[in-house]
Every structure is written in C-alpha cells, then in structure tokens.
Amino acid sequence: MFHTSKLKDGFGKLAKNAGIAGVAMGVALSAQAATVDLITNGDFETGDFTGWSVSGTFSGTYTINDGTLNPPGPAGVLPPITGSYDAIGHQTGGSVALLQQTISVPYGIYSASLTWNDRIRNYAASFIDPGQEYRVLILDMANTVLQEVYSTNTGDTLLQIGPNSRSADLTGLLQMYEGQMVVLSIETQAQSFFHTVTVDDVHLLAGSLPMDKGECKKGGWETFVNVNSGTQIFKNQGDCVSFVASQGKNPPENFEYEE
C-alpha cells in the first residue's frame, strides 16, 4: 500500500545517507544502478568458492561440482544445474554443512528478491526439523537468524531432483538493515542418512528509485522496476523526472510501499 509521507521520508533518508555511504560502503544503491545483484559468484562459474565461505561440523561440507563429482552416498553424478559448475552439500555422517556469503546492504532499497535453483536428495526416511533439513537463512553478524527464507519440512518429497527454482521477497528485511552487513546461509544438516543438496544460480537483486533527474533520461526510467513483480515503476520519462523533482511528493503510478 502506498503512503506519500513514508515515500517522502524515505527519499530524504536516502539523500542524507548517500553521504554516509560514501565513507561506510561506497554510494547509495540508486547512484550505482537501478538494479544490482548483491551476490558475488552466485553461479559458481569461477570454478571455486570466490565470494563464499564454506564450513561445517564433522564431515559436512560443500564442494564445487563440474559434472564429475560423485558425492558420498547413493546420489551419484549429475551435471551442473546451469553452466559449467554448481555447488553440492554432502557428508559421510551426522553433520551440518554451511555455504555462506556476507552481504553489504546498500541504502535506498525499493525492492529485493532472492532467487536460486537447487536439487534435494534426502535418503533418510523423512525430513526432520532441524536434524535432517535443508534451509536458507538470513543471519546478522552475530549469527542470529533474521529470517528463515526456506526450509524442508516433514512430509516433503524426499527426492526433488528438479532442478527446482525458488524465490523470496526480502524487501522489508533489507530495508530494515540498510547500511549494515547480513549473511546469506545455505545449510544442509543430516543426522539419519545421506542428504545431498545442490545449489546454483544464487542471486539477490536489489532495486532502487532514482535520486537524480539524469537517471530518468535516455531511457533510464525504464530500468527502474520492482524486482519481485517485474512491474515497471514509471510510465514514462516525465513521470520519473517529476518524482525526483518533487523529492518523492509526486509518487509514480506504479509505486508500491508495504506497511
């Protein structure tokens, strides 16, 4: 639901914090691009874990798969979900495997969407929360869970070879943590039997609103979209310029603001 007062306040906050961001983490999001991907190497096409950290307990770990990896257990070899590489979480006994990336949350987020593809192969009798589970979490820097984005549940299909495309709207969460660091944590936990999870094409897209009229010109207005719905925010260049010139007092026709 749209609230003009919130939009005006948000515009002013973004303009103020753009200066702070120059010291803390570069520049405000809208000064970089209308939409940016906050994940580094989300498709693993570097052939390694550049941008990521891998850890785990006991035998739990993630390994880059080039189409020849045969993980422990009955899962067998499968080609990467897309491209030349993906990442596979596996183990030889009870353990937790963590695939994590620390994210700098920019100022000025209008919309944010986390998407990824996966394969799930659970060879236990069922999923158990949390002992035999695959989950995707957003953590703070103290490892406190801010949001459980996805998790398997008791009764879910055990073998979901897919690949499965998943997505989540993280707009509200990231707006709360602008200018801070959060952690994307992809976790595979096993206590009963082999649990093999493949992950690929991880993207966290963040969309902004323009702060300068120049961002509206030469087709720039067309690049501002809600990354969750795909809705174009401005109907034309004039609509975009009016929004900037009024410092948010004239909201675009397709503007959406959540409570």
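**Figure 1. Overall fold of the predicted model.** The protein has four helices and 11 strands. Both kinds of element are DSSP runs, numbered from the N terminus: helices are H or I with at least four residues, strands are E with at least two. This is a predicted model, in which local features need pLDDT of at least 70 and side-chain atom pairs count only at pLDDT 80 or more, while totals for chains, interfaces and linings use all residues. Residues are numbered from 1 along each chain as its sequence is written, and side-chain values use heavy atoms, with hydrogens and water left out. Of the 259 residues, 47% count as buried. Buried means under 20% relative accessible area, exposed means over 50%, and partly exposed lies in between (1.4 Å probe, protein chains only). The accessible surface comes to about 11,400 Å². Carbon and sulfur atoms hold 51% of that surface. Areas come from the Shrake-Rupley method with a 1.4 Å probe; for residues, only the protein chains shown count as cover. Among contacts with a separation of 6 or more, 75% join residues 24 or more positions apart. A contact means heavy atoms within 4.5 Å.

**Figure 2. Strand β5 and its two partners, β2 and β10****.** Strand β5 spans residues 95–104. Eight of its 10 residues are buried, so β5 is largely enclosed by the rest of the structure. Strand β2 (residues 53–56) pairs with β5 in the antiparallel sense over four bridges. Here S55 stands opposite L98 of β5. Strand β10 (residues 181–190) also pairs with β5 in the antiparallel sense, over 10 bridges. A190 in β10 is the bridge partner of S95. Two strands pair if DSSP finds at least two bridges between them. In a regular strand, side chains alternate between the two faces of the sheet.

**Figure 3. The aromatic cluster of F44, F49 and W52****.** The structure holds seven aromatic pairs. In the pair F44 and F49, the ring centres are 6.1 Å apart and the planes meet at 80 degrees, so the pair is edge-to-face. Rings of Phe, Tyr and Trp (its six-membered ring) pair if their centres lie within 6.5 Å; planes under 30 degrees apart count as stacked, over 60 as edge-to-face and the rest as tilted. F44 and F49 are both buried.

**Figure 4. The disulfide between C216 and C240****.** A search of the whole structure finds one disulfide. The term covers a pair of cysteine sulfur atoms within 2.5 Å. In C216 and C240 the sulfur atoms are 2.0 Å apart. C216 lies in the loop between β11 (195–208) and α4 (237–245), and C240 in helix α4, so the pair ties together parts that are 24 residues apart in sequence. The S-S torsion is about -70 degrees, so the disulfide is left-handed. Both cysteines are buried.

Figure 5. P130 sits in the loop between β6 (109–122) and β7 (133–139). P163 lies in strand β9 (residues 159–169).

**Figure 6. Positive phi at F58 and K218****.** F58 is not a glycine, yet its phi is positive, near 55 degrees. F58 is found in the loop between β2 and β3 (61–65). At 78% relative accessibility, F58 counts as exposed. K218 has a positive phi of about 55 degrees and is not a glycine either. K218 lies in the loop between β11 and α4. Its relative accessibility is 88%, so K218 counts as exposed.
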